[in-house]
Amino acid sequence: LRALAQHMHDVGVATYQAAGPYPSSTPHPALTFGKLPPNPPAAVALNHYNTDPEFLERDTPLMFVQLRWRAATLLGVNDLVDDGNAALTTYIPARWPGGVHVLWMVRTTSSVPPAVEDGNGRFERPDNYEIRLNPGD
């Protein structure tokens, strides 16, 4: 997950800091693991589900992740979701930070507008992705 977080930072769809609190303003949504932070308003939470990567294909495990995006406005969160998908979806093998070899990453499901409002009147939308890995390469 850290490799994906750094990749999202590198392609400009999130601001990732491995340690320490985020400043009140970031150039891109602040990326966290687990729950969305109370601040800054623009944020994305990264989670994996189905606990561990699927290892039925030992050579090329499949990982399932969810990105929960948040922004101050409905249009803002829709833009974050669309920009994230455009930057992250790929069918071209690549190496991510830390040497993680990704065969492909594709969005499998996305919530449809309207997004859900949080307790502070900000809007949230989740996206789910599959990531096919090739750890032996």
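This is a predicted model: local features need pLDDT of at least 70, side-chain atom pairs count only at pLDDT 80 or more; totals for chains, interfaces and linings use all residues.
At 27% relative accessibility, Arg68 counts as partly exposed, whereas its salt-bridge partner Glu124 counts as buried at 14%.

**Salt bridges**

- Side chains of opposite charge can pair when their charged atoms come close.
- The count of salt bridges in this model comes to three, and one of them joins the side chains of Arg68 and Glu124, with a nitrogen-to-oxygen distance of 3.3 Å.
- Glu124 falls under the 20% limit for a buried residue because its relative accessibility is 14%, while Arg68, at 27%, is partly exposed.
- A salt bridge also forms between Asp127 and Arg107, whose closest N and O atoms are 3.2 Å apart.
- Because Asp127 lies in strand 7 and Arg107 in strand 5 (residues 100-110), the pair ties together parts of the chain that are 20 residues apart in sequence.
- Arg107 counts as partly exposed, with 27% relative accessibility, but Asp127 counts as buried, at 0%.
- Asp118 and Arg122 also meet through their side chains in a salt bridge, at 3.0 Å from N to O, and both of these residues are buried.

**The surroundings of Asp127**

- Once neighbours within four places in sequence are left aside, the residues in contact with Asp127 include Val65, Gln66, Leu67 and Trp69, along with Val81, Thr109, Ser110 and Ser111.
- Arg107, the salt-bridge partner of Asp127, is also among the residues in contact with Asp127.

- In soluble globular proteins, nonpolar side chains tend to be buried together.
- The largest nonpolar core holds 29 residues, of which Leu4, Met8, Leu31, Leu67, Trp69 and Ile131 touch the most other members.
- Two or more residues of this core come from each of helix 1, strand 1 (30-33), strand 2 (43-54), strand 3, helix 2 (74-88), strand 5 and strand 7, and strand 3 gives the most, with five residues.
- Within helix 1 (residues 2-10), the buried residues include Leu4 and Met8, as well as Ala3, Ala5 and His7.
- Met8 touches Val13, Ala14, Leu31, Val44, Leu67, Trp69 and Leu88, when residues up to four places away in sequence are not counted.
- After helix 1 comes Gly12, which has a positive phi, near 85°.

- Leaving out neighbours within four places in sequence, Val116 is in contact with Arg122, Phe123 and Glu124.
- Arg122 is the salt-bridge partner of Asp118, and Glu124 is the salt-bridge partner of Arg68.
- From C-alpha to C-alpha, Val116 and His7 are 27 Å apart in space, and their positions in sequence are 109 residues apart.

Conventions
Residues are numbered from 1 along each chain as its sequence is written. Side-chain values use heavy atoms; hydrogens and water are left out. A salt bridge is a side-chain nitrogen of Lys or Arg within 4 Å of a carboxyl oxygen of Asp or Glu. Buried means under 20% relative accessible area, exposed over 50%, partly exposed in between (1.4 Å probe, protein chains only). Helices (H or I, at least four residues) and strands (E, at least two) are DSSP runs, numbered from the N terminus. Contact means heavy atoms within 4.5 Å. A nonpolar core is a set of buried Ala, Val, Leu, Ile, Met, Phe, Trp, Tyr and Cys residues joined through side-chain atoms within 4.5 Å.
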